[in-house]
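Here's a quick briefing to go with the model below.

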Amino acid sequence: MTSDKRRAPAGAAVLRGDITRAIRRALMQELAAVGYGRLSIEAVARRAGVGKTAIYRRWSSKLDLVIETVVAAAGSKLPALDTGSLRGDLTLLFQVVAHALSHPLASQIIPDLLAEAARNPTIDETLQQLLRAKQQEIGGRLISLAVERGELPADTDADAAVDLIVGPLYWRLAIARTPLTPTYLDLLVESVAIGLTANGTVPRQREAPVPR
């Protein structure tokens, strides 16, 4: 008799998705609890309810596990920022970012990883690439829409604009550790919108003067 079920080729590793997700959840929880420096594969395995081999089948080291998981978590797509106005887009963006950064795991993990990046070049390079990619994604979409509507001029510096947009949120949550209230977010929308459009907009970066 033949069976309809086919076995995987001998020697092939079949990685169950539910176990991978459990490991990622455990990693985020453990990272928030103890930080990168004290993080261990053993502790993550215990929290996930799996053996260490289940982790090492997927990631070769603690560093690989942390980087891949954090990048995957941060890689979630933003909602379409096209409300019809710059202020509307800013309001939606602030709400989404504030919700994400206010999560207890994020508020503990992000400052710890930034501190670790100062000591670990691999983490530093990965975080820098991730932040640049996110900045381009956010700035490119929001600023280009505002330019198309005629709310901002075509030569708006997207990088400087995103610094102005996202900087206050990160400072308040990760550095000052002050809650983001609806009133504050409304005020921030108006302040950033006025800042972007005052006297034209965020100026273009100027070339450094050539020594004579």
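Asp-82, Asp-89, Arg-149 and Glu-151 are tied together in a network of salt bridges, where a salt bridge is a side-chain nitrogen of Lys or Arg within 4 Å of a carboxyl oxygen of Asp or Glu. This is a predicted model, so local features need pLDDT of at least 70 and side-chain atom pairs count only at pLDDT 80 or more, while totals for chains, interfaces and linings use all residues. Residues are numbered from 1 along each chain as its sequence is written, and side-chain values use heavy atoms, with hydrogens and water left out.

**Salt bridges**

- The structure holds 9 salt bridges.
- One of them pairs Arg-47 with Glu-30, with 2.8 Å between the closest N and O atoms. That pair links distant parts of the chain, 17 residues apart: Arg-47 belongs to helix 2 (residues 41–48) and Glu-30 to helix 1 (residues 17–38). Helices here are DSSP runs (H or I, at least four residues), numbered from the N terminus.
- Is Glu-30 buried or exposed? Glu-30 is buried because its relative accessible area is 10%, the cut-offs being under 20% for buried, over 50% for exposed and partly exposed in between (1.4 Å probe, protein chains only).
- Glu-42 bridges to Lys-52, and their closest N and O atoms are 3.4 Å apart. This pair also links distant parts of the chain, with Glu-42 in helix 2 and Lys-52 in helix 3 (residues 52–56), 10 residues apart.
- Glu-42 is partly exposed at a relative accessible area of 36%, and Lys-52 is partly exposed at 39%.
- Glu-116 and Arg-119 meet through their side chains in a salt bridge of 2.8 Å, N to O. Glu-116 counts as buried at 10% relative accessibility, whereas Arg-119 is exposed at 58%.

**Charges over rings, and ring pairs**

- Arg-172 lies over the face of Tyr-184, 3.8 Å from the ring centre. The rule asks for NZ of Lys or CZ of Arg within 6 Å of the ring centre and within 35 degrees of the ring normal.
- The charged end of Lys-62 sits over the ring of Tyr-36, at 4.3 Å from its centre.
- How many aromatic pairs are there? The count comes to 0 aromatic pairs, taking rings of Phe, Tyr and Trp (its six-membered ring) as paired if their centres lie within 6.5 Å.

**Helix 9**

- Helix 9 (residues 182–197) has 16 residues, so at 1.5 Å a residue it should span 22 Å, and its end C-alpha atoms agree at 23 Å apart. The expected span is 1.5 Å times one less than the number of residues.
- Tyr-184, Leu-185, Leu-188, Val-189, Val-192, Ala-193 and Leu-196 are buried in helix 9. They cover an arc of only 160° around the axis, so they fall on the same side of helix 9; the arc is that of the directions from the helix axis to the C-beta atoms.
- On the other side of helix 9, Thr-183, Asp-186 and Leu-187 are exposed.

**Around Ala-117**

- Ala-117 is in helix 6 (residues 104–117) and counts as buried, at 8% relative accessibility.
- Leaving aside residues up to four places away in sequence, Ala-117 touches Ile-123, Asp-124 and Leu-127, contact meaning heavy atoms within 4.5 Å.
- From Ala-117 to Leu-127 is 10 residues in sequence and 7.8 Å in space, C-alpha to C-alpha.

How values were computed. Helices (H or I, at least four residues) and strands (E, at least two) are DSSP runs, numbered from the N terminus. Rings of Phe, Tyr and Trp (its six-membered ring) pair if their centres lie within 6.5 Å; planes under 30 degrees apart count as stacked, over 60 as edge-to-face and the rest as tilted.
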